[in-house]
Amino acid sequence: MSAFAGEDYQGCVRQLEPVLDEVARIGGSHAQREIIEDTFIVALMRGGESARARAMLDRRLHRRPSPRDTRWLAATIG
């Protein structure tokens, strides 16, 4: 989160990517765990990795509808 706050989006991606699949093990509510994934997606978008962000957003939108994720997906295309 420190890397993200410091606008080091590629650093944020490097730090979060290895632990994304382990976030559920750490605990917390679904909303708290989703914040980690949201941060990762926005870091991908701001770090110039739109294709990877699109892939994650596509997977999430297949799980459940989300107006925000739909807007984020549109932002990665345009």
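Visitor: What should I know about the model and the numbering?
Guide: This is a predicted model, in which local features need pLDDT of at least 70 and side-chain atom pairs count only at pLDDT 80 or more, while totals for chains, interfaces and linings use all residues. Residues are numbered from 1 along each chain as its sequence is written, and side-chain values use heavy atoms, with hydrogens and water left out.

Visitor: What volume does the largest pocket have?
Guide: Its volume is about 340 Å³. A pocket here is an open set of points on a 1 Å grid over the protein atoms alone, where a 1.4 Å probe fits, with protein on both sides within 12 Å along at least five of seven lines. The volume is the space filled by probe spheres set on the points, which are joined across faces, edges and corners.

Visitor: How many residues line the largest pocket, and which lie nearest its centre?
Guide: The lining has 13 residues, and Leu20, Val23, Arg33, Glu37 and Arg63 lie nearest the centre. Lining residues have an atom within 4 Å of a point. Two or more residues each come from α3 (23-26), α4 (30-46) and α5 (50-63); helices are DSSP runs (H or I, at least four residues), numbered from the N terminus.

Visitor: Which element gives the largest share of the lining?
Guide: That is α4, with five residues.

Visitor: How does the lining divide by residue type?
Guide: Five lining residues are nonpolar, one is polar and seven are charged. Asp, Glu, Lys and Arg count as charged, Ala, Val, Leu, Ile, Met, Phe, Trp, Tyr, Cys and Pro as nonpolar, and the others, Gly among them, as polar.

Visitor: Turning to α4, what does it pack against?
Guide: Its buried residues pack against α1 (2-5), α2 (9-16), α5 and α6 (67-77). Those buried residues include Glu34, Glu37 and Asp38, where buried means under 20% relative accessible area (1.4 Å probe, protein chains only).

Visitor: And Arg60, is that buried or exposed?
Guide: Arg60, in helix α5, is buried, with a relative accessible area of 1%. Its side chain makes a polar contact (N or O atoms within 3.5 Å, one able to donate a hydrogen and the other to accept it) with the side chain of Asp38, at 2.7 Å.

Visitor: What does Leu16 touch?
Guide: Leu16, in helix α2, touches Ile36, Thr39 and Phe40, not counting residues up to four places away in sequence. Contact means heavy atoms within 4.5 Å. The C-alpha atoms of Leu16 and Ile36 are separated by 7.9 Å.

Note on methods: Buried < 20%, exposed > 50% of the residue type's maximum accessible area, 1.4 Å probe, protein only.
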